[in-house]
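Colleague: I'd like to learn how to read a model like this one, feature by feature. Can you walk me through it?

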Amino acid sequence: MPHFNHIKGFNLIELIVTMLIVTLMSLIAIPSFTALIEQVRASSNIKVIQQTIQLGRNMAISYGSRVTICPLVDNLCSSDWSIGLSVFIDHGKKNQLDASDRLLQQTSPFHENDYIDYNRPAIRFQPDGLASGTNGTLTYCPGSVDSPYSKAVIVNQAGRARMSKKKTIVCKI
């Protein structure tokens with residue numbers, strides 16, 4: 001009986017064909033994977049924003065003091081909401097973190113390609129938990145101002161924060 005030695009493995013042609021198939025499948029999957037990442041990032045970050053707003057209101061009631069939420073640059077409220085939110089007890093000058101104030105929390109900056117906008121310079125809560133001013137809407141748009149995954153949080157005059165139910169949300173630049 002003849003005995004044959006069989007070498008197990010792939011030859012070069014099989015390996016090239018396999019790599020070609022894997023590459024083509026990756027090229028097809030990457031765009032939908034990017035959309036999934038934007039959707040998850042928007043959902044995650046809008047929850048962080050809503051929880052930060054709720055924390056600010058709770059701290060205003062707990063400490064019996066005015067609490068401000070805004071993006072801080074050189075201890076002044078900025079209009080660049082993408083740098084993250086700061087929550088602080090605001091005893092001194094409004095919208096400014098000064099020596100008499102106490103920083104309670106800061107969020108991390110948001111993704112560099114995302115757009116975040118609020119129609120007020122800051123979110124402020126009075127000692128009774130009421131929001132000062134009128135209703136405000138904070139919008140979060142991942143990747144582009146008209147992303148289909150955009151989310152929004154609405155703060156009413158009673159100080160309550162809720163998610164917007166609008167299907168189409170557009171951020172301002």
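Colleague: Let's start with N95. Is N95 buried or exposed?

Modeller: The cut-off for buried is under 20% relative accessible area. N95 comes out at 17%, so it counts as buried. Keep in mind that this is a predicted model. N95 sits in the loop between strand 4 (86-89) and strand 5, and its phi is near 60°, a positive value in a residue other than glycine.

Colleague: Which other residue has a positive phi although it is not a glycine?

Modeller: N75, with a phi of about 65°. Its place is in the loop between strand 2 (72-73) and strand 3 (76-77). N75 counts as partly exposed because its relative accessibility is 41%.

Colleague: And what about E112, buried or exposed?

Modeller: Exposed, since its relative accessibility is 74%. E112 lies in the loop between strand 5 (102-106) and strand 6 (115-118). If you want a landmark for it, take C171: the two are 59 residues apart in sequence and 15 Å apart in space, C-alpha to C-alpha.

Colleague: On to sheets. How should I think about a strand in general?

Modeller: In a regular strand the side chains alternate between the two faces of the sheet. For the case here, look at the open sheet that four strands form in the order 5-4-1-7, with antiparallel pairing. Strand 5 and strand 7 (123-125) stand at the edges with a single partner strand each, so one side of each has no neighbour in the sheet. On average, neighbouring strands of this sheet are turned by 20° against each other, direction ignored.

Colleague: How many bridges hold strand 1 and strand 4 together?

Modeller: Four, in the antiparallel sense, with strand 1 covering residues 67-70.

Colleague: Which strands does strand 8 pair with?

Modeller: Strand 6 is one of them: the two run antiparallel and four bridges join them. Within that pairing, D117 has T139 in strand 8 as its bridge partner. Strand 8 also pairs with strand 9 (residues 151-155), in the antiparallel sense over five bridges, and there Y140 stands opposite K151.

Colleague: Why is strand 8 described as largely enclosed?

Modeller: Because five of its six residues, in the stretch 136-141, are buried.

Colleague: Last topic, salt bridges. What's the general idea?

Modeller: Side chains of opposite charge can pair when their charged atoms come close. A search of the whole structure here finds two salt bridges. In one of them, the side chains of R41 and D114 meet at 2.7 Å, N to O. R41 belongs to helix 1 and D114 to the loop between strand 5 and strand 6, so the pair ties together parts that are 73 residues apart in sequence. Both R41 and D114 are buried.

Colleague: And what does R66 form a salt bridge with?

Modeller: With D90, where the closest N and O atoms are 3.8 Å apart. R66 lies in the loop between helix 1 and strand 1, and D90 in the loop between strand 4 and strand 5, so this pair ties together parts 24 residues apart in sequence. R66 is buried, with a relative accessible area of 17%, and D90 counts as buried at 2% relative accessibility.

Notes: Residues numbered from 1 in each chain as written. Predicted model: local features only at pLDDT ≥ 70, side-chain atom pairs only at ≥ 80, totals over all residues. Heavy atoms only, no water. Buried < 20%, exposed > 50% of the residue type's maximum accessible area, 1.4 Å probe, protein only. Pairing = 2+ DSSP bridges. Axes fitted to C-alpha atoms, helices over the stretch in contact; angles between N-to-C directions. Salt bridge = Lys/Arg side-chain N within 4 Å of Asp/Glu carboxyl O.
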